[in-house]
Amino acid sequence: MGYRGKLAERERARELRAQAWTLQSIATELGVAKSSVSVWVRDVAFDPRDRPRESATARARRPNVLARRKAAEIAALHQAGLETISRLSDRDLLIAGTALYAGEGAKRDGRVSLANSDPRFISLFCRWFRRFFEPDESRFRCRLYLHDGLDLAAATAWWSEVTGIPSEQFTKPYRAVPDVGIRHNKHEHGCLTVTYGSATAHRAVMGLVAALLSPQATGGRP
C-alpha cells in the first residue's frame, strides 16, 4: 500500500497528535511505522501538558496492533469454519458423535457414558445418541461434579436444559473442595456425566468407534 493508500491513517494520526498523543502511541494505535507518523504530523502543533494521563494498568490492558490482528484473524477463521461445516447431515452427525465418544466416552462395558464441562460437547452427545439409538428417556442419569460453594440448584437446572433430561434423573452430586494450590478458576456449572445404562447400546456404540478407527475407514496407515 503506497502513501495515497494511507490517507485515512494520516488524517487520524494528525487528529491524535493534536490531542498530544506520542508518536509511538499513534503508531501502535494505527498499526503503522513510527517514522511514517513522524512525517505525517511534523507540522501539527500540540502541548505535551495536554496529554491524558494513563495508568500503567490501562496501558497493559489496551490491545496492541498484534492483539487486534490476532482477534481479527480468529474471527475470520471461525466464520470460514462455519461456512465450511455448514449444517450436519445425518451421516455427518453419526461420524461426529462417534468421534466424540471415541475420545471422551467411557469404554467399560455395560453403560454409555460421557463426561465434560463444555455444554456443546454434552449437547452434541445427547443429540447423537438420541438420533441413532432411540433410547428410553427414563434410563438416562446425570451426575454433577461441582465445587463446593457454587449453586447446585442453578447448575442442575442449567444442565437439565442443556441435556433435556429432567432434574429428577440427576443423582447425588460430587461436591469438590477447591484446592488453591492446584487451580484458581472453577466452572460455574461444574462438569456433567451423562450415563445410559445398557450393555447392548454400549456395544453398539463401540462397534461404531471400531469401524471409525478401522483401516477401511481411515484408508490404512498414514
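This is a predicted model: local features need pLDDT of at least 70, side-chain atom pairs count only at pLDDT 80 or more; totals for chains, interfaces and linings use all residues.
Let me begin with S86, which is exposed, at a relative accessible area of 56%, where exposed means over 50% relative accessible area, computed with a 1.4 Å probe on protein chains only. Residues are numbered from 1 along each chain as its sequence is written, and side-chain values use heavy atoms, with hydrogens and water left out.

S86 sits in the loop between α5 (65-85) and α6 (90-104), the helices being DSSP runs of H or I with at least four residues, and strands runs of E with at least two, numbered from the N terminus. Its phi is positive, about 55 degrees, although S86 is not a glycine. Most residues other than glycine have a negative phi.

E134, in the loop between α7 (119-133) and β2 (140-147), also has a positive phi, near 45 degrees, and is not a glycine either. E134 is exposed, with a relative accessible area of 70%.

Turning to α7 itself, this helix packs against α8 (residues 152-163) at an angle of about 45 degrees, with the axes 9 Å apart, the axes being lines fitted to C-alpha atoms over the stretch in contact, and angles running from 0 to 180 degrees between N-to-C directions. In the contact, meaning heavy atoms within 4.5 Å, P119, I122, S123, C126 and R130 of α7 meet W158, W159, V162 and T163 of α8.

Methods: Buried means under 20% relative accessible area, exposed over 50%, partly exposed in between (1.4 Å probe, protein chains only).
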